[in-house]
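Please open the structure in your viewer and keep the selection tool at hand. The stops below say what to select next and what is there.

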Amino acid sequence: MKLSNASPPFLHTDVTVMSMLGDRIFALCALLVIPTVRYGPRPLVMAGLSVLICLVCELLTGLMRKEGVPVTEWSFAVTGLVITMLMPVNAPLWLPCAACLFAELAAKAPFGGFGRTPFNPAAAGVAFATLCWPKQMFSYVDPAEPQWLPVWGECSVHTAQSAAAYLKSGLKPDILPFDMLWGDMAGPLGTGAALVIGACALLLFVRRAAHAETTLCFLAAAAALAALFPRIACSPLTSVKYELLSGSLFFCSVFLMDPVSSLHTAAGRCIYGAAAGGLLMAFRHFGAYEQGAVFAVLIANALSPLISSAVGRARGWEGSVYG
Amino acid sequence: MPAFSQLILTALLAVTAENLLFAGGAGFSRALRAARKPSTAGLYALLVTLFSLVSALTGLALEPYLSLLGEEWILRPAVLTAAAGLEYLLAAGLLRVFAPSFLRDHGRILEQAAANTVVLAIPYVQQMFGFHALQALGYALGTGAAFWLAVLILSHAMKICTNPDAPRAFSGLPGVLVYVGILSMAFAGFTGGKVF
Amino acid sequence: MIPHGVRLEQQKRASLKNEIVSLPSPEDLPAPPKIKPLKKGAAAPRILSAAEEAGIADEFDGMMLERKLSLFASRKTELLVACGFDEDPYTSGAEAVLRESAEDVAEGLWLAAKACGAKERLVAASSRREARRFAACCTGTAAVAAGNRYPARTLLMQKLRRGGKKAEWIGVQACAALGAAVRGECRNETVVTVAGDGVRRWGNFRVRIGTPVGDVLAAGKPEKRVCLVAVGSSVTGRTVTDLSLPVTAATRCVIALKRPPRVPAHPCVGCGRCARACPAGVLPWLVYRELEGGSPEALRLFHVEDCVGCGACHTVCPSGIDLMAAVRRAAGLKEGRDLHETE
Amino acid sequence: MDDRRLYFREAGTIFWNGMLFRNPVLAGALGLYPVVAAGCGMRNATALSLLFLIIALPTQLLLCLAGMLLPRWARPAAVLLLSAVFYLPAARAVEWLFPGSLADLGMAAALMACNSIVYARASEYAPEHILLAAAADAAGCSVGFAGVICLVSALREYWLTGGLWGTGVSGIGEGLDAPFAGFLLLGFLAALMRQVNIQRERRYAEVE
């Protein structure tokens with residue numbers, strides 16, 4: 001019997017970084033089911049490719065830093081999957097790959113990798129893709145013609161305007177509410193099925209892999225603004241319905257408000273969520289693109305240290321906010 | 001909103017472009033510490049507001065003469081820069097006489113505020129020919145507020161970018177540049193890419 | 001308000017299934033000293049000297065009972081609590097002792113309370129059921145259930161002190177030993193729990209103090225691939241590599257594990273669990289961030305001097321950061337010591 | 001070795017530092033604005049570099065000659081005034097060489113009048129050094145600035161149009177003319193420069 005030394009504690013609670021990331025990956029994979037059934041294996045290929053690119057980047061940056069085998073956690077898979085979810089299913093396959101490259105190499109590696117990223121890497125990657133290739137980012141396959149898309153090649157399909165685009169141009173989207181709940185509409189790959197996203201959110205909250213208050217405040221702020229300032233001529237409730245279910249709002253409120261970029265206190269997280277929700281609605285009103293969620297998340301990320309120190313000062317934790 | 005985001009973006013540019021946080025070399029850490037003190041950041045923003053206001057009004061007053069001379073697109077920046085120099089000279093001279101201790105303590109901020117103002121003021125004076133006095137005031141206040149916010153965000157960014165896990169080549173200035181890059185990407189979502 | 005502390009998987013049922021087994025004492029250990037029986041109506045100094053004579057030590061902190069009681073007396077303690085529960089998972093010695101020698105515990109607590117001048121006595125058991133079981137056989141001593149969140153002892157004492165009473169605690173094994181002294185018995189023993197995935201027979205063993213740890217471990221039928229043996233507590237204890245080391249009063253448990261429980265270290269992900277777990281109101285993440293920044297501001301290291309060293313923060317941290325070490329360092333720093341000196 | 005050769009060697013070191021190792025843009029984060037906002041075409045980059053040289057050199061030389069005569073607090077004003085004056089011939093020269101480029105550059109050109117590199121070097125470095133050092137510094141900074149802005153511009157122009165100096169037809173994507181791309185590219189270039197400096201330090205440490 002050869003005994004070794006170790007430092008206490010000799011047990012640990014079940015929630016670890018790996019378990020949190022694992023839950024997230026599971027939830028994101030669940031979101032892939034509906035698009036796969038509808039469009040064939042293309043979404044799976046896209047997701048696999050994105051995750052692979054992220055893994056390769058992770059390995060490369062680790063090797064450049066000479067730290068041996070660098071992959072100790074699976075946040076790269078979360079980044080890859082979230083990026084896939086925000087892409088149109090008919091996007092060229094290089095598009096999510098480019099977004100993943102940007103997310104890993106520009107938004108993650110320079111700041112020291114997982115746990116140190118000031119911005120959500122996936123949000124940064126998607127924002128980059130939006131700015132560089134808006135045409136490819138916002139042309140969605142028409143759900144009226146259900147068909148399996150080619151797995152590898154280019155997709156030459158009928159495109160349709162998404163609900164977010166209708167709202168952006170001040171028109172009422174012509175989509176049944178039931179279709180909106182199941183994601184049977186033109187839009188990014190994984191952001192449509194509100195019911196599945198809701199179930200995933202519940203799973204994450206119950207398993208303590210995400211903070212419910214951030215998401216709830218995000219949705220509350222967005223809903224309040226949607227009711228107060230509707231973009232289309234309709235009753236406040238209808239406006240809330242369309243705003244919350246269109247675009248990537250619901251998805252982003254669950255999967256982009258990750259615990260890393262967020263804050264340590266419940267109050268801080270509430271303010272952070274509300275700020276992100278408010279910014280998102282501002283982007284919808286004044287932004288240049290139909291999908292503004294990722295931009296709103298980036299700005300909220302930049303504000304989060306300010307929120308954190310403001311909450312700290314309010315509680316008397318910091319001698320002074322600035323140090 | 002787009003106008004405000006433009007202001008913030010401009011202020012971010014000014015903060016990074018001018019040497020507030022990154023005075024370079026020896027002044028680097030000292031300037032950083034100064035920027036992180038709320039009083040200094042506030043004073044800085046106030047001075048920027050005042051200088052912006054004066055610059056905008058000067059530009060407004062000189063506009064008719066410039067258009068008489070012709071080639072105003074060459075003359076205008078030169079005249080504005082010279083005006084900022086004169087303003088600084090005036091302010092510093094007045095302070096020397098009336099409040100020498102203030103100048104001794106905050107002289108560096110005063111001079112940097114003057115230089116930053118040129119960066120902040122020229123775009124607007126250049127663009128908005130039909131500027132009137134009230135707009136100038138609003139613009140100056142907006143600039144000051146945006147500037148203050150940008151200083152706050154950047155002072156935190158600096159701390160984030162010098163964490164022990166960051167690669168050595170990126171820790172500090174290069175990391176902050178990437179940080180500002182991603183942040184301005186977010187603001188580009190408002191404007192669709194263009195600054196002005 | 002969110003309760004502090006952390007809910008840990010207790011894993012005590014297996015070791016509590018059987019009664020305490022007495023292990024034969026090694027032959028080379030000297031026989032325990034003979035002491036004069038303590039009379040029922042003995043005065044405080046006599047009780048203290050008897051405790052000293054019998055060499056009774058508290059099993060939770062290893063402090064001599066006589067010193068502990070004198071300290072309580074000088075603090076004008078009003079309420080004395082006997083801790084009949086083990087706050088850390090795996091260990092169940094105190095619970096077993098409370099079950100099997102309830103009368104001795106009640107007697108010892110009465111004597112200890114008299115020695116330190118406390119008017120009120122209280123026995124804290126691990127659950128309501130245990131408390132009822134104790135109250136059924138020993139009327140006259142109140143019993144309560146401690147909470148089920150780690151660190152239960154600290155949280156219970158906080159709760160009692162919040163009422164304005166000066167409350168202190170002693171271990172239930174020390175109580176039982178003092179109670180046995182009435183009969184003139186001085187057994188010099190302690191109850192040690194043997195548990196962990198490296199042993200096949202979990203249980204509580206009554207062993208002579210001074211027995212090698214290896215003998216106790218052998219009683220639990222260890223497997224071949226044990227690589228780590230921890231004593232003291234499953235959360236804050238320490239590892240032993242030399243199994244010939246003797247069992248002390250504060251050994252409490254011998255935990256054999258097949259592989260070291262390692263959570264891979266990651267940077268802080270900002271979940272805030274550590275602050276919720278801490279019973280002392282420390283904000284471990286803030287302390288850690290301050291220390292990591294390189295120039296900690298003493299003003300921002302809140303309550304670090306109140307750290308009880310329970311290790312709850314480290315246990316819950318999903319990133320596996322040793323927050324307790326950070327808080328300890330910060331406490332040293334706040335006292336004016338150098339940052340690196342205290343490491 | 002006579003004094004003059006020593007001087008020239010020192011001047012060479014100053015020039016190299018300004019150009020590469022302590023590049024004002026990459027190491028000092030000065031003069032970011034033109035690179036970030038306007039550095040998205042080779043033609044623009046060349047025009048801005050020229051503008052910079054014509055403003056920086058005389059301003060720095062004049063400040064070097066007259067700087068010590070002025071009190072410390074008045075120097076910033078002098079720099080602003082002088083660079084405003086030299087902006088006029090510089091703008092004319094650039095307009096003559098590249099017709100229409102000033103209109104293309106718009107504000108970025110206007111902002112060269114109060115460039116923070118010129119500002120920092122002329123108000124702090126030049127007055128306290130000899131003429132040769134100031135000249136070497138101004139030249140080094142000009143070349144360093146030109147190098148960085150040309151590199152960034154070349155990368156962005158290739159991305160946007162697929163060619164250099166207006167020869168491109170179709171690019172890889174759009175969006176890189178926005179300032180964020182400038183910041184990101186500068187960040188990565190600055191990291192590269194930092195890495196080079198780290199390697200250099202390590203080599204020196206090994207030699208010693």
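Two strands count as paired if DSSP finds at least two bridges between them. Helices (H or I, at least four residues) and strands (E, at least two) are DSSP runs, numbered from the N terminus. This is a predicted model, in which local features need pLDDT of at least 70 and side-chain atom pairs count only at pLDDT 80 or more, while totals for chains, interfaces and linings use all residues. Residues are numbered from 1 along each chain as its sequence is written, and chains are lettered from A and ligands numbered from 1 in the order in which they are written.

**Stop 1: chain C as a whole**

Select chain C, which has 13 helices and 10 strands. Along its principal axes the C-alpha trace spans about 60 × 50 × 40 Å.

Of the 343 residues in chain C, 54% are buried. A residue is buried if 20 or more other C-beta atoms lie within 10 Å of its own, exposed if 12 or fewer, and partly exposed in between, with C-beta atoms placed from the backbone. Two residues are in contact if their C-beta atoms, placed from the backbone, lie within 7 Å. In chain C, 70% of the contacts with a separation of 6 or more are between residues 24 or more positions apart.

Now colour chain C by domain: domain 1 is 13-181, domain 2 is 192-257 and domain 3 is 273-334. These bounds come from an automatic or database domain assignment. The centres of domain 2 and domain 3 of chain C, taken over C-alpha atoms, are 30 Å apart.

**Stop 2: a parallel sheet**

In which order do the 4 strands of the open sheet in chain C stand? The order is β4-β3-β2-β5 (chain C), with parallel pairing. Select β4 (142-145) and β5 (167-171) of chain C: they stand at the edges with a single partner strand each, so one side of each has no neighbour in the sheet. On average, neighbouring strands of this sheet are turned by 30° against each other, direction ignored.

**Stop 3**

Select residues 203-208 of chain C, strand β7, where 6 of 6 residues are buried. C:Gly203, C:Phe205 and C:Val207 lie on one side, and C:Asn204, C:Arg206 and C:Arg208 on the other.

Which strands pair with β7(C)? Strand β1 (residues 21-22) of chain C runs parallel to β7(C) and is joined by 2 bridges, with C:Val21 opposite C:Phe205. Strand β6 (residues 189-195) of chain C runs antiparallel to β7(C) and is joined by 6 bridges; C:Glu189 has C:Arg208 as its bridge partner.

Then select helix α4 (residues 93-100) of chain C, where 7 of 8 residues are buried. Among them are C:Glu95 and C:Arg99.

**Stop 4: where chain C meets chain A**

Show chain A beside chain C: 42 residues of chain C are in contact with 31 residues of chain A. On the chain C side, β8 (228-231), β9 (238-240), β10 (253-257), α11 (284-292) and α12 (312-316) each supply at least two residues. The residues on this side of chain C divide into 27 nonpolar, 12 polar and 3 charged. Ala, Val, Leu, Ile, Met, Phe, Trp, Tyr, Cys and Pro count as nonpolar, Asp, Glu, Lys and Arg as charged, and the others, Gly among them, as polar.

**Stop 5: chains B and D**

Select chain B, which has 7 helices and 0 strands. Of its 196 residues, 58% count as buried.

Finish at D:Pro76, in helix α4 (residues 75-97) of chain D. D:Pro76 is buried, with 26 other C-beta atoms within 10 Å.

How values were computed:
Axes are lines fitted to C-alpha atoms, for helices over the stretch in contact, and angles run from 0 to 180 degrees between N-to-C directions.
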